[in-house]
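The following note is intended for a colleague who is meeting this structure for the first time.

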Amino acid sequence: MLVMLKTNRDELNREAARIIASAVRRDPSLTLGLATGSTTIGVYAELARMHREEDLDFSKVVTFNLDEYVGLPANHPQSFRFFMQQNLFRHINVNPTNIHIPDGMRRDNYDEYCAAYEDSIRQAGGIDLQILGIGRNGHIGFNEPASSLGSRTRLKALTRETLEDNRKFFASGEEMPKCAITVGIGTILEARRIVLLAAGSSKSKAVALAIEGPITASVTASALQLHADVTFIVNEEAAAELAQKDYYRRILELTAEFTPSRLW
Ligand code: F6R
């Protein structure tokens, strides 16, 4: 694991966008796993700027989103498809046929549909770089506490905490979806490289448990400890409860003279 501490959200956004952009430049037909949520907005804005000003080319990139609310049509302002369109896709030259997001309007045959989503990830050659946020309860994707650490894409009921956190995005009085389709922890762990972003004090407990706590289905992000190539990019507020903060801060300094290609 590599833990990168950033002083503020701007630095976090720039670092995450820099990692994504250099992966795309190295492999223009990269398969990207994408998350939604407030933490990703600044990162996507920076990628859009790089596309506009630095010719970052997404024409061959393939994308798979982690999750979608059940019951929201693609044009609903709170659907994750709408979020992706507004915050990233309409600002870059991604080919619409290369975009994959679970279908929130699916009414039946969820198992079949979710198995087909997994198949399309496999057919694309697997996820090269998976971007994640983290919930207050330690979820990644919508893999709520007590999700199997081997889980695959499936229908998942959302916890009260997640519903509370996301209610602010819905109009008052509007019914909020209680379920989502999400890729599983097993699916996420198969990505070749994983980058998790966390900002803000509401995430500090989840971040500390995910990085330094035991591996447990109660904090599904802790499963990332099993992955061979995972980077956490965390701002000061989200890093507040990490016991080894000082070590993470010094790690890049201490290893600088060896110029290793891998630190995790
Ligand atoms: C969304 C997703 C979630 C979010 C997490 C953090 O696609 O997979 O796991 O990444 O809930 O959300 P924010 O960034 O809004 O705090």
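1. Helices (H or I, at least four residues) and strands (E, at least two) are DSSP runs, numbered from the N terminus. The model is predicted: local features need pLDDT of at least 70, side-chain atom pairs count only at pLDDT 80 or more, and totals for chains, interfaces and linings use all residues. Residues are numbered from 1 along each chain as its sequence is written, and side-chain values use heavy atoms, with hydrogens and water left out.

2. Asn109 is placed in the loop between strand 5 (99-100) and helix 4 (110-123). Its phi is near 50°, a positive value in a residue other than glycine. Asn109 counts as partly exposed, at 44% relative accessibility; buried means under 20% relative accessible area, exposed over 50%, and partly exposed in between (1.4 Å probe, protein chains only).

3. A positive phi in a residue other than glycine also occurs at Ala146, where the value is near 80°. Ala146 belongs to the loop between strand 6 (129-132) and strand 7 (154-157). With a relative accessible area of 63%, Ala146 is exposed.

4. Asn166 lies in helix 5 (residues 160-167) and is buried, its relative accessible area being 15%. Neighbours within four places in sequence aside, Asn166 is in contact (heavy atoms within 4.5 Å) with Tyr69, Phe142 and Met176. The side chains of Asn166 and Tyr69 are joined by a polar contact of 3.2 Å. A polar contact is a pair of N or O atoms within 3.5 Å; within protein, one must be able to donate a hydrogen and the other to accept it, and residues adjacent in sequence count only if both atoms are side-chain atoms.

5. Ser222 is located in the loop between helix 7 (204-212) and strand 10 (230-235). Ser222 is buried, with a relative accessible area of 0%. Apart from neighbours within four places in sequence, Ser222 is in contact with Leu209, Ala210, Pro214, Ile215 and Thr216.

6. An oxygen atom of the ligand lies 2.7 Å from a polar side-chain atom of Asp67. For Gly141, a backbone N or O atom lies 2.7 Å from an oxygen atom of the ligand.
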